[in-house]
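I opened the notebook to check the packing and the backbone. Sequence and structure go in here.

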Amino acid sequence: MHESPDTLPAARIPRATYRLQFHAGFTFDDAVAILPYLQRLGVSHVYCSPIQRARPGSTHGYDVVAHGEINPELGGHEGYCRFSQALRAHGLGQLLDLVPNHMGVLGADNPWWTDVLENGPASAYAGYFDIDWEPMDADLRGKVLLPVLGDAYGRVLDAGELVLDLDADAGRLVVCYQSQRFPLAPATYAQVLARAEGMACEPADAVRALRQRPVEPALERAVRAALAAWNRPGERDALHTLLEAQHYRLAFWRVASDEINYRRFFDINELAALRIERPEVFEATQGLALDLAARGWVDGLRIDHPDGLRDPAQYFARLQEGYARRAGRPPPGIDAEGRPGRPLYVVAEKIATGHEEVPGEWAIHGTTGYRFANVAGGVLVDTAAEAAFGRIWRTFTGEKRPFSEIAIEAKRSVVANPLASDMTMLAAMLLRIARADRRTRDFTLNNLRRALAGVAACMPVYRTYVTPERGASPQDRRLIDEAVDAARARSELADDSIFQFVRLALRGEAPAGGEVPQALREQVQRFAARFQQFSAPVAAKGVEDTAFYRWFPLAALNEVGGEPDRFGFTLEAFHAASADRARRWPHTMLATSTHDNKRSEDVRMRIAVLSQMPAAWRLALRRWRTLNAPLRRRLAARHGGAQPSAADEYLLYQTLLGTWEEGGDAAAWAERMAAYLRKAAREAKRHTSWVQPREAYEAALEGFVRGALENGAFTADLVPLARRLAWHGGLNSLALMALKYTSPGVPDLYQGNELMDFSLVDPDNRRPVDYARRAAMLAAADEAGAPPVLSPATLPEAKLWIVSRLLRLRVEAPALLAGSHEALACAGPAADAVIAYARVAGDGAAVVVVTARFHARQAGAAGEEEGDARWDASAWQGTTLALAGPAPWRDVLGGGTHGPGSVALSVLLRRLPCAVLVAAPRSAHEGL
C-alpha cells in the first residue's frame, strides 16, 4: 500500500552547498566570519566536515572518539551554538558529515574502546565494535590484538619501553608505550598492588579506592612505589606474565595484516569498525545528529562510507525513522513510486561504477557527487585520442597490460597483505559452512581462501547488498555471477566446483539439496554480509589507492569514482546520464572537487586538454626524457642504482603541467611536487610503500623532482606547453562550472574552489583558504556588473563570475533548473565541440551552451604559445544553435539578448566560452 506523496513530510532540499573542513586551525568562529561572503556568493547551506569529538589534532574529523560531544578543538558546544545561530541569521542552513562505520581508537581518547580493553568481552561496549572474540588463534580468544608497537613485542619489552603507571585523572592502572596508555584489567590490580607495602587487597577494593576523587595521597604514594618495583629491569618476566593476563595483546604493528581480530576502516589500525546494525549502537552514535536535525539546526546529512555497513538500506531507513520520531512527524512510509519516504535530506558517499545502479530502496536523495565529477569532466576529454594515448603510455612506460589487469593484480595484493587477517576469518567462516554438508566437506581451508581471494579481486563493484530479509537482487546476482565466473576462469584449482559453492554462499543461500538447518542458513547469511563488508575495502584500497597510481595514460581520468580505462564521455553519454539523473535522482549532489580528490577540478581540466593534442604530448615526453636523462644517471650512481621508474616520471610531467602557475613560488612548488610524488609512489607500492619505505628509491625520486625543476633546459621547454594548458584548461574549468551549476542535482563547492585551485590529494588540498581575497573579488565583480575581459590573467575572476551568477540564478529562478534535461543539437563545422541542452520545467526553460570543449584543437586560438592568449569566439563561426520561443533570450553570464531563431555561436559566446539563457523579460525587448 502506497501513501500519497502529499502525506509524506518533505525534506528541506539544499539549493547549493559549500563544503568546509573544520579543524583546530579553522574553527566554528572562523566559519562565522565568512558567512556574509557565502551568503553573498549564493549558496544555501554550509556542508560541514565531521564536528563530533575526534582524536586531538585531527585535521579531518573522521576519527571520531565521542559521538555525543561537539569537538572542543572546533569550539565545543558553545562555539557550535554561535555558528548555528549565525547561519540562521544569514539565511543559511547546514549539512553534517557523519561517520557511522568506525571510530578512532588506539589512544586513551575513546572511552568506549578503553572500557573494552579494560573489561574485555564483559565490557558494556564489547558489542559496539566488530571484534572477533573467538578467532582461529586460541591465544587471542577473549582478547583484542593491538598492533601498536614499533618493533617485535619481546624486544620492546626487554628494552623497557612498556611501563606500568597510574593514570591519576582516570583512577586506573595503565601500561604505557610511548604516548599511548592501555588500561589494566581490574582483576589484575591485586597482583600489581601486592608489591605496595601493607596494601594487598581485593581487586574490587583496589579499583574503588583508586577511582575516588581525589585519590588519597598515601594511597597514591604506595601505588607509585609498587609500580616502580614492577618497572625495574629485572622484572621483565613478571611484567610479561601480567600483560598476558590482560584483555588485549600488544603486538608489532606489522602483525596486523595477519592476525588483527577487529574490523577496521580499510587497513587503518587506528580506526575500529562499529556494529551500527545494533539498535543501541545506532542510537548512541547517530543520536546527536538526529537531535540537531529534529531541532531544525541541521537540514541534512552526508553519510561517509556506507559500504562498510552490514546493511546500508536498514541504516538509511533508521535514519529517516529516527529523525521523523524526534521531529514529531509521521513515519516515513512509502511514496507513490514505491520508494521509501525521505523526510530528512540524506546523501551517501557511494561510489557506483558505470554498470551499477545505486539501490532504489535506500532512503536517500542521492550520492555525494563523484559520478557527476567523472561524467562532467569526461565529456571535456577527446574520446578520439584513446588509441593514441594507449600507444604513448605503452611506449614510454613499457606497461602493456590493460587497466583491468592492473586493478585485479592490485586487489589480489590487498587481499594477500593488508587485509589477509580478514580473508582468513572469511575463509574460516566458509569452511565451517562447507563442513556442515557431506557434499562440500572436502573443500579445504586453503582452497576456499584461494577461491574467495579470486572472487574478491574480480568483483566489478565495491560490494553487493544481499540481506536475509531481501535476499539477492537481480543486480546482486549479476555482479556475483560476473565475479565468480571471472575468478573461475583465472583459477588454477584442481576442483573448480568450489566456485558454485562460493556463488551460493555469496547470495546468502545455503548449499542446495535436502533440508537445511536454520542454524546453517544463519551462518551463510552472516558470511554473505561479512564478505560484502570485506569486498568494499578491497576495491577501495586496490583500485583507488593502488591501481590508480600504477596506470594513468591520462591522469585526469584517475579520480575517485572514475574508470580510467573509459577514455572520456561522448556527448550522447553525457546527455543520457544527465537525463537519467534528472528523472531518478534530481537532488543528488554534484561535486567537482572534494576533500577526497586525487586532483582538484582545475588540475584535471588542464591535464584533460592533453587529449586534444596527443602528438604534442608524445613529442614533449620524448624531449623531456632526453633532457633529464643525465639526471637519472647521476641519481642512480648516487643511490645504488635506484632511479625513478618510467611511470613515476610520466606522472611527474602530467602533474607539473596540471599545477604550474605563472609567477608561482618555485621553491614551494618543488616542495609540493616532491611530497606528492613520494606519496604517489608509496600508494603504487611497486618501488616503495607506506609499510616498507625504501629510502634509496624515495631519495632518488625526490632528487629527480627537484633536479628536473632546477634544469633550465627542461623548464624552458616545459613552460610553453604548461602555459598553453593553463589557458585551455582554464577554459575547460569555466565550461565545467557552467555544466555543474545548471545540471540536475545540488551543486557542492569545495572550500576555495570558486577561484582557480591547483591542489592535489590530501594534505595538499587542505591548505588555508584566503577568504578575504575571495570576498573582495566578489564585491568587485558585483560592482562591475559584467564578466571580465577573458585572458589567462583573468581566469580566476571569470570562474568566480560564472559560479556566483549561476548560484544566484538558482536563487532567483529555482524552477528553471529543477526540470528535465533535454539535449539540444547545434549545426555547423564545430558542432561536436559544443555541449547544449535545455532544463525544462513546465512552461519555463533555461538553455545552456558550452563551447570550450576541444577549444585547443579549434582554429582561431593561435598565439597562446607567445603569451598573448585570448578568448576568440570566431573559431565557432558558422556553427549555430536554434533558440525556440517567441521572445529573445537573456544571457545571465555574458549579458545581452539573443534570438529567437538561429543564433551564431561566435556572437552568442563573444565574451565567455559558455552561456546560460533564460527568457528575457518584456521590458528588455519591447523596442526590438
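Which residues is F129 in contact with, leaving aside its neighbours within four places in sequence? I looked this up in a predicted model. The contacts of F129 are M103, V105, N110, W112, W113, V116, A272, A273, L274 and R275.

**Cores.** Next I turned to the largest nonpolar core, which has 247 residues. Within this core, W113 and F129 touch the most other members. I then checked where its residues come from. Helix α26, residues 712-740, gives the largest share, with 14 residues.

**Cis peptide bonds.** I looked at omega next. The bond from D762 to P763 is cis, with omega near 5 degrees. I placed P763 in the loop between β18 (746-750) and α27 (771-784). G899 and P900 are also joined by a cis peptide bond, and omega there is about 0 degrees. P900 sits in the loop between β25 (897-898) and β26 (901-904).

**Positive phi.** I searched for positive phi in residues other than glycine. L106 has phi near 70 degrees. I found L106 in the loop between β6 (102-104) and α3 (111-119). Is L106 buried or exposed? Its relative accessibility is 3%, so L106 counts as buried. F266 is not a glycine either, and its phi is about 55 degrees. F266 lies in the loop between β12 (264-265) and β13 (268-273). With a relative accessible area of 15%, F266 is buried.

Key:
Residues numbered from 1 in each chain as written. Predicted model: local features only at pLDDT ≥ 70, side-chain atom pairs only at ≥ 80, totals over all residues. Heavy atoms only, no water. Core = buried A, V, L, I, M, F, W, Y, C linked by side-chain atoms within 4.5 Å. Buried < 20%, exposed > 50% of the residue type's maximum accessible area, 1.4 Å probe, protein only. Helix = DSSP H or I, 4+ residues; strand = E, 2+ residues; numbered from the N terminus. Contact = heavy atoms within 4.5 Å.
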